[in-house]
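Let's walk through this one a piece at a time, with the viewer open next to the text.

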Amino acid sequence: MNFAPDPADEEFRLRVRAFINEFCPEEARRVSTRPAPEKVKAWRDLLVTQKWLAPHWPVDWGGLDISPVRRYILQEELAATITSQMDGIALHLVAPVIYTFGSLKQKLRYLPKILSGEETWCQGFSEPESGSDVLSAKTTAERQGDYYTVTGEKIWTTGAHRADMMFALVRVRAAGRLQHGLSFVVFSMRDPAVRIRPITTIDGVHHFNQVSLNGVRVPTANLIGEEGKGWHYARFLLVNERALVAQAPNTRKTLRRLRAYLDGFDEDRVHSYELADFKERLTELEIEQDALEFMVMRVLHSTPGDPFNDGLAAALKIKGAQLRQRANELFFDAHGAQSLQNKTATSVSDDGQLSEPAKSFLFSLSGSIAGGTNEIQRNIIAGMVLGLT
Amino acid sequence: MNFSYTDEQVTFADSVDRYCVRNFDLHSRATMLEKEQFFDRSRWEEIGHLGWIGAAIPLELGGSGGTVVETSIILTAMGRHLSQMPYIECGLVATQLIARFGLESQRDLLLPHLVAGRKVFALASNEGRFDKGAPRIDTLAVKHDAGEFSVTGRKENIVPGHNVDGFIVSAKTQESESPGLALFLIPRDASGITLEPITLLDGSVACNIVMNDVVVSAENVLGGLHQASHAIDFASDIEDLACCAEAIGIAESVLWRTRDHLRTRYQYGNPLATLQALQHRMADMYTELEFSRSKLFQCLGVLDHENAAYRHRVLIGAKYMIARATKNISREGIQLHGASGIANENIIGRYYKRLCVIFGMKGGASRLKREIHNF
């Protein structure tokens, strides 16, 4: 056993950090707002050239042959920049399905434009009546000749209002028979049969949408892999994201900001017992953040498929979400009256009006819900590790 | 980084576990309780013979040359099986102190016997008082002209009690540099020592030590005067680490015993295991256990860190976190056992009592919180 970071990995980390310090423009460092895409294009292109934007991709398609630990190190360091907002859905969720199960033609059609940022994507999995129970999805794809006609409703669709493409799990009906499994299809969001209704979340921001698919014509050439195996593809590849879902780098960043507040602490404005409570809560979070990062390392070093390791990954997601929420809540509390104030409503951006601490904290409530609720994670643990189900 | 045992460690862990299963089961525990002395010296010599006491002592000092990983394997197994041997106090802290900080003469004289389990020394530092979160030591060692010291003071809850050969006593002395502490090797039958036997919550035997002008010669100052503060800090840190490792084993047993209970206890026609609310509570217990184990890995990596202050911060934080997490796991274990959970004959409650003892020995959560607050 060895609990010290590999010196070569740490040297890699320092190289990444130095590169970011030297080449990342100021506009691309502020993560709290969403700057115009042009402002960060140069930075994105640089990352693509370095092969750091999508290191997990096959080398032939723009990836880098590095270990899972180094990929994670990249994520950790790049969390300081706007890279964390660069269409993770496309880079991490749909691209892996395409490059693993898609045809060469599909790879050529979709992967380069994902990498360049020319096309953005949204994920059509959840439906109004199918949240955790993905396999109960009712969106149908009626196959006739070379086309599917896709009809149904998708919901909680992040970024649908900005996306060029959607990848969706649909149930194929052919020759009058509804298939048992779901199929993975992709299509353009510009199709007139696609209607989008915005959903504002508790943070006052427009992230999510409901998407109505009113008979969208999708060529059967847009089926990825085989019919009926869509959920299998999606689930198999989510395994690669197990360490990221804990959002440890974001939480660490918040804790660093909070620790920095102690340096600029104004004794006249804050009562000593408030300071004591703040220090206590922050120190407890820092103690646990260390534990979280070691748990991330354990998951990164484990082989997926082993029930114990799947349980560990589920526990990691639970803990990651909880810690993120507590850190953001402390951030919210620390800003006192300021946290409660809405900004003046002059901005027409989709960033909403709540204060930054309020937005961060309230949105973090989604961490224990999205991507597999904490309750589902507990079911996984109870079944795979404890043998209770 | 690597989170897997080597093949040797796997074999070692298996053998430790097998020994514990054979020797620390309920029957032998009941037999031990009937005897007046809970600390079985012949059993202690057995584990010395197996190499456990010297597990992390260097080869050149007569040990097995293992690392903190071997130590954690032993401690976790002891926790798992409620061995209640004074491995932490006597097997680990005392031997590590002498090996790392002892003068050559002290090491040569004591270590071979300690590692073999023939002789037993226990750290006697705790006085039950704290100052701004840090342990307070009032025991005083006054130096005389001829070079020897007179030690006067009181130590509290010293495990394993009177059935040892000697104690490593911490005391204030003006002769030592800031913060003015030193460690003294004192035989248990030294003139001026009174041992008051007590039994602790988990059934361990301990004693309070009262010292009245106990004379200690200069060559029995452990490591000489200039090393004491490093040694005392190290002793405290390694003891905290050991408690965390033992607690992980304790929590593991609680988890699996509770799981087995839910599977076999039927109410309303079905096993309790079918109730999702209970499945989820068990999942939370598992999550806390693995989170704590991840923290333990950080501790194992930091024990030999060059920055002692950093090492201390990590270990104090770990103790605070793991104490709360494992006690919560243990409480849940009792709760999920229903009425049988609070029947004393059920082993499930013993895990909780053991956790209370190991995490309460140097002051409890409030004291730790105070110290963390000073970070």
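**A walk through the model**

Start at Gln247(A), which comes out as partly exposed because its relative accessibility is 30%. You'll find Gln247(A) in the loop between α6 (230-238) and α7 (248-263) of chain A. Its backbone is worth a click: phi of Gln247(A) is near 55°, a positive value in a residue other than glycine. Keep in mind as you look that this is a predicted model.

Most residues other than glycine have a negative phi, and most peptide bonds are trans. Another residue with a positive phi is Ala175(A), where the angle is near 50°. Ala175(A) is in the loop between β4 and β5 (177-178) of chain A. With a relative accessibility of 83%, Ala175(A) counts as exposed. Over in chain B there is a peptide bond to look at too: the one from Val159(B) to Pro160(B) is cis, with omega near 5°. Pro160(B) belongs to the loop between β5 and β6 (166-172) of chain B.

Back in chain A, turn to the strands. β2(A) pairs with β3(A) in the antiparallel sense, over 5 bridges. These two strands form a hairpin with 2 residues between them, and Gly145(A) in the turn has a positive phi of about 65°. Opposite Tyr147(A) in β3(A) you'll see Gln144(A). β2(A) also runs parallel to β4(A), joined to it by 4 bridges. Pick Ala141(A), and its bridge partner in β4(A) is Val172(A).

A pair of aromatic rings is described by the distance of the centres and the angle of the planes. Over all chains, the structure holds 24 aromatic pairs. Take Phe125(A) and Phe167(A): their ring centres are 5.6 Å apart and their planes meet at 85°, so this pair is edge-to-face. The two residues are 42 residues apart and the pair links distant parts of the chain, with Phe125(A) in the loop between β1 (121-124) and β2 (140-144) of chain A and Phe167(A) in strand β4 (residues 165-174) of chain A. Both Phe125(A) and Phe167(A) are buried.

Trp156(A) and Phe208(A) make an edge-to-face pair as well, at 6.4 Å centre to centre and 75° between the planes. Here too the pair links distant parts of the chain, 52 residues apart: Trp156(A) is in the loop between β3 (147-155) and β4 of chain A, and Phe208(A) is in strand β8 (residues 206-219) of chain A. How accessible are the two partners? Trp156(A) is partly exposed because its relative accessibility is 48%, while Phe208(A), at 13%, counts as buried.

Ring pairs link Tyr110(A), Trp121(A), Phe125(A), Phe167(A), Phe184(A) and Trp231(A) into a cluster.

Another tryptophan to find is Trp52(A), in the loop between α2 (37-50) and α3 (68-78) of chain A. Its relative accessibility is 8%, so Trp52(A) counts as buried. Leaving aside neighbours within four places in sequence, the residues in contact with Trp52(A) include Arg15(A), Val16(A), Phe19(A) and Leu74(A). From Trp52(A) to Gln75(A) it is 23 residues in sequence and 9.1 Å in space, C-alpha to C-alpha.

Let's finish in chain B, with Ser150(B) in strand β5 (residues 149-158). Ser150(B) counts as buried because its relative accessibility is 7%. Which side chain does Ser150(B) join through a polar contact of 2.5 Å? The partner is His144(B). Beyond four places in sequence, Ser150(B) is in contact with residues including Leu140(B), Asp213(B) and Val215(B).

What about disulfides? Cys20(B) is in none, with the nearest cysteine sulfur, that of Cys90(B), 17 Å away. Cys20(B) is buried, at 1% relative accessibility. For Cys244(B), the closest cysteine sulfur is in Cys299(B), 5.2 Å from its own and so too far for a bond. Cys244(B) is buried as well, with a relative accessible area of 0%.

Conventions: Residues are numbered from 1 along each chain as its sequence is written. Chains are lettered from A and ligands numbered from 1 in the order in which they are written. This is a predicted model: local features need pLDDT of at least 70, side-chain atom pairs count only at pLDDT 80 or more; totals for chains, interfaces and linings use all residues. Side-chain values use heavy atoms; hydrogens and water are left out. A disulfide is a pair of cysteine sulfur atoms within 2.5 Å. Buried means under 20% relative accessible area, exposed over 50%, partly exposed in between (1.4 Å probe, protein chains only). A polar contact is a pair of N or O atoms within 3.5 Å; within protein, one must be able to donate a hydrogen and the other to accept it, and residues adjacent in sequence count only if both atoms are side-chain atoms. Contact means heavy atoms within 4.5 Å. Rings of Phe, Tyr and Trp (its six-membered ring) pair if their centres lie within 6.5 Å; planes under 30 degrees apart count as stacked, over 60 as edge-to-face and the rest as tilted. Two strands pair if DSSP finds at least two bridges between them.
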